[in-house]
Each structure stands twice: as C-alpha cells, then as structure tokens.
Amino acid sequence: MIKIICALALSVTATAGLADDGFSFYGGVSKSLASGDFDFRSYERSDFEGEPSGYFVGVDYDRNRYFIGLEINVLQPHCDYFDNSCGNDNLQGIHMVDYNYYNFVDLMDIKVRLGTNLGNDSTRIYGIAGLSTGLWSDDSSSGDAAEGTLFGFGAEYEIYQGLAIGGELIRRSSTAGSELDFELNTTQIRMLYRY
C-alpha cells in the first residue's frame, strides 16, 4: 500500500512539473473535530478527542472532468501542555480524554486525492488515501506515532474566483510496528484559495 501511495505521489509531482495547463496550486486553513482510541506501549486502551486547527498546501492536475492531487496537511501543529500552546488546558489539541497532557504533537498527513469536477466546475468530490505521521507525548517523553495510513473522502465548493470551502472525513490507523496503536477519525472544515 505504501509503495502504491508513493508511486502515485511521484506521478502527480512529475506530471505537474511537465504540464503546461490543467495544473493548480492551493493552500488553506482547517478546523477539525477528532476522536478515536489508542494503546500506548501495550497499556490499557484509552479514548482521545480534540478540536485542532491546522493548515495545508497542495497541487492538483486536472484532465477533462477528473483530477489527481497531492497534499500536505498539518493537522496538529506542535503544542505543549506546559506552555499552553494548544490553548487553555490543551483542549484545542488532540488529547487523551480526562488527561489533557497526553497529546499528539506535530501530526501531519501526506494525501493523494483522486476525484471529479461536477456541474460548472465549482464543485469537486474526491477520495483520499495517504500516510499520517507524528508523535504522541506526555510532555516528559514522546513516542513515535508514524507509519499510519489514512483513507477518506471530501468535497469542496468554489464560492468566489479561487476561494473555496470544503470538508473531509478521514480515518487514520497505525501500522504494524508503530509505538502508538491508534485509530483516529476526523471531520475537517476547510477554507482554501486556489491559484
């Protein structure tokens, strides 16, 4: 699966570099509602939640009514319970329920998007596959939460000349060998500008 995702990512990048048109960059900000459960180093399984803010950049290559794209999405920027960088009592970060100092840090997705333009090209719907990477921290130590995979779907609607709103539903799962065994689900609201 990882080889397929890497091959798709390379093909998108190569196509983008050679294309004369049908190729667009975009960037934006997001707000997510996250939930899931985890087992850190084979301890008792626990729930986590959060409402992280993030940002993303990407590129799409359009051909006829279809497109393929590559995106980097920072879901959870670095935050620390002790310096309050995740908001009051860490509640804006993805944290263990009832123990706010256990949290994801530097959580990032690398996504391949494959979809279609509907109607007058102002609406896009797409499927998502990719990788998720980050750390799980208790603010005195951290564990590797990398090697996760993700799947989902999304949609976006252009509201005014390049400015669009959208949403994504994504499920992330750790892969074998990850120190943090987790399932993470997010519903993300997005605002972006396409160049």
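Asparagine 64 is found in the loop between β3 and β4, where strands are DSSP runs (E, at least two residues) numbered from the N terminus. Its phi is near 55 degrees, a positive value in a residue other than glycine. Most residues other than glycine have a negative phi. Asparagine 64 has a relative accessible area of 71%, so it is exposed; exposed means over 50%, buried under 20%, and partly exposed in between, with a 1.4 Å probe and protein chains only.

Before I continue, please note that this is a predicted model, in which local features need pLDDT of at least 70, side-chain atom pairs count only at pLDDT 80 or more, and totals for chains, interfaces and linings use all residues. Residues are numbered from 1 along each chain as its sequence is written, and side-chain values use heavy atoms, with hydrogens and water left out.

Glutamine 161 is found in the loop between β9 and β10 (163–173). Glutamine 161 counts as exposed because its relative accessibility is 59%.

I turn now to the aromatic rings. How many aromatic pairs does the structure hold? There are five; rings of Phe, Tyr and Trp (its six-membered ring) pair if their centres lie within 6.5 Å, and the planes count as stacked under 30 degrees apart, edge-to-face over 60, and tilted for the rest. One of the pairs, phenylalanine 67 with tyrosine 126, is edge-to-face, at 6.1 Å centre to centre and 70 degrees between the planes. This pair links distant parts of the chain, since phenylalanine 67 in strand β4 (residues 66–76) and tyrosine 126 in strand β7 (residues 123–137) are 59 residues apart. Are these two residues buried or exposed? Both phenylalanine 67 and tyrosine 126 are buried.

Each of these two rings also has an arginine over it. The charged end of arginine 113 sits over the ring of tyrosine 126, 4.2 Å from its centre, and arginine 124 lies over the face of phenylalanine 67, at 4.5 Å from the ring centre. Such a charge is counted if NZ of Lys or CZ of Arg is within 6 Å of the ring centre and within 35 degrees of the ring normal.

Finally, I come to tyrosine 55. Its place is in strand β3 (residues 53–63). Tyrosine 55 counts as partly exposed because its relative accessibility is 45%.

Note on methods. Helix = DSSP H or I, 4+ residues; strand = E, 2+ residues; numbered from the N terminus.
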